[in-house]
Amino acid sequence: MRSRYSLDLLHTIRPIHTIKPIRQTVIIAELANDPSIQQGIPPSMKYRAAIRQGARIIRNGGLVGFPTETVYGLGADATNASAVDKIYRVKGRPREDPLIVHLGSVDDLAGIADDESHIMDTALELAGIYWPGALTMILSRKEGAVASEVSAGRNTVAVRMPDHPVALALIRAAGVPIAAPSANRFGHISPTTGEHVISDLGNEIDMLIDTGHTRIGVESTVVDLTASTPTVLRPGGVTIEELRRTCPSLAYTPKQAGGSSSSPGNYLRHYSPHTPLVIVDDLDVDAGNRSSTHVTEVMSELVGSLSARGLSSTVIATFPEKADDLRNLASNLYSYLHTADAGKGDIILAGFVRDEGIGTAINDRLFRAAAGRVVRDASPTTVDFIVDLVSPYRIELDPTD
Ligand code: TXA
Ligand code: MG
């Protein structure tokens, strides 16, 4: 299989800090933007070889970057403690932040999770409706089924069956459940293209299967079924409205409303670009309907005032009217953040979207990318606050990191 990226290019992307060679050649299957994959048609001959090789690497304890319908995952054999350990090392992820186990079929659920009747009943019902799909369920962990490192020592386990033909083929070919976080360095923006994976982790993974842009673009919805009330720990690809049809009591407290951090991965500063991001929001936090007019006015005033102070801003602000547009925005959100981060702007300004459907996940990710920084006016105090964020002398003290 020929790589779409030469090793030279990889070296130019992540060149200087390492003198050791790339551990193994990163192989990129020539699959990007293959329409048959986007349409969910099962793998053809063309990429069977890539999947076979990926499965071999997983079974041998290596790391494979692979596409899912949400974001790219960094996969390892969930039953192999040292392979799982590599995930934490390569990502720079805190060891207390557990990983999602990816399954190739609903039937595999019983092998991973304990059959605590009412929990398993709900899990099977939800899996029946949303799997394969962007729903991750936290269940009681079956002792010995996967390496305990996957669960960061907890007695629960997160499971999901991805809705992507390459992901499913890889898991099935590997013959083991695959532990996979998003394929980015801890705290950074999740990857929605193969290029994003390469630029963050290119030196450290054994293989990347690149099928172009992921469809949903934000991560799966994480639902804790072991809590006394089923609780959304992270909004994502399957909307809360959809889930409440099956689970009317489903609880969710948005981070913006000061939600607790019961999901260990719910660090506030997360999914962040390196360039500081600030949310510009309406004056009235509780106004269900945000006024895009107010936000747009504040933004343009801020851009002017910041420019007068020598700072250039990149604005990511769309106020989609239709649900389809929100889906589209979700799908491109991380690409926009990656692009804004790679640009010359000193600061990124963004606006929240309507808090419904996939908009809930978009707002959650924007809020975290902004590390909780929300401004509502273009007053001198606000401008000073933003100028200070960009100051090279600023010392970042972030207890959640
Ligand atoms: O869409 C996705 O979910 C992607 C793709 C690759 O499947 N994966 C992903 O994984 O986003 P990661 O590791 O970046 O996020 C997993 C989230 C984290 O917030 C983690 O704390 C939470 O799930 N999680 C995993 N296991 C958990 C557990 N046992 N209890 C509570 N939260 C858990
Ligand atoms: Mg992640």
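**Strands, sheets and helices of the protein chain**

Glycine 65 stands opposite leucine 74, a residue of strand β2. Before I go further, some conventions. The model is a predicted one: local features need pLDDT of at least 70, side-chain atom pairs count only at pLDDT 80 or more, and totals for chains, interfaces and linings use all residues. Residues are numbered from 1 along each chain as its sequence is written, and chains are lettered from A and ligands numbered from 1 in the order in which they are written.

Helices (H or I, at least four residues) and strands (E, at least two) are DSSP runs, numbered from the N terminus. By that rule, the protein chain has 13 helices and 13 strands. A residue is called buried if 20 or more other C-beta atoms lie within 10 Å of its own, exposed if 12 or fewer, and partly exposed in between, with C-beta atoms placed from the backbone. Of the chain's 401 residues, 47% are buried. Two residues are in contact if their C-beta atoms, placed from the backbone, lie within 7 Å. Among contacts with a separation of 6 or more, 73% are between residues 24 or more positions apart.

Strands are taken to pair if DSSP finds at least two bridges between them. Nine strands form an open sheet in the order β7-β1-β2-β6-β3-β5-β4-β8-β9, with mixed pairing. Its edge strands are β7 (207-208) and β9 (231-234), each pairing on one side only. At β9, three bridges join that strand to β8 (residues 221-224), and the two run antiparallel. Valine 222 has arginine 234 of β9 as its bridge partner.

Why is β2 described as largely enclosed by the rest of the structure? Because five of its five residues are buried. Strand β1 (residues 64-66) is joined to β2 by three bridges and runs antiparallel to it; these strands form a hairpin with six residues between them. Strand β6 (residues 178-179) is also antiparallel to β2, through two bridges, and isoleucine 178 in β6 is the bridge partner of aspartate 77. Helix α7 (residues 165-174) lies across β1, β2, β3 (100-102) and β6, and runs at about 145 degrees to β1; axes are lines fitted to C-alpha atoms, for helices over the stretch in contact, and angles run from 0 to 180 degrees between N-to-C directions.

Helix α4 (residues 81-91) comes next. Its buried residues are Ala83, Val84, Ile87, Val90 and Lys91. They cover an arc of only 125 degrees around the axis, which puts them on the same side of α4; the arc is that of the directions from the helix axis to the C-beta atoms. An α-helix has 3.6 residues a turn, so residues three or four places apart point the same way. The buried residues of α4 pack against β2, β6 and α8 (194-201), whereas Ser82 and Arg89, on the other side, are exposed. Glycine 92, with a positive phi near 70 degrees, follows α4. In α8 we find serine 199, which is partly exposed, with 17 other C-beta atoms within 10 Å.

The parallel sheet is open, with four strands in the order β11-β12-β10-β13. Here the edge strands, each pairing on one side only, are β11 (313-316) and β13 (374-375). Four bridges join β11 to its parallel partner β12 (residues 347-351), and isoleucine 316 stands opposite alanine 350 in β12. Helix α10 (residues 292-308) packs on this sheet, touching β10 (277-280), β11 and β12, with its direction at about 165 degrees to that of β11.

Finally, the nonpolar core. Such a core is a set of buried Ala, Val, Leu, Ile, Met, Phe, Trp, Tyr and Cys residues joined through C-beta atoms within 7 Å. Which residues of the largest core touch the most other members? Among its 105 residues, they are Val101, Val159, Ala179 and Ile362. Leaving aside neighbours within four places in sequence, isoleucine 362 is in contact with Val218, Leu326, Leu329, Ala330, Leu333 and Val353. In soluble globular proteins, nonpolar side chains tend to be buried together. Alanine 369 is buried, with 27 other C-beta atoms within 10 Å, and its C-alpha atom is separated by 9.4 Å from that of histidine 274, 95 residues apart along the chain.
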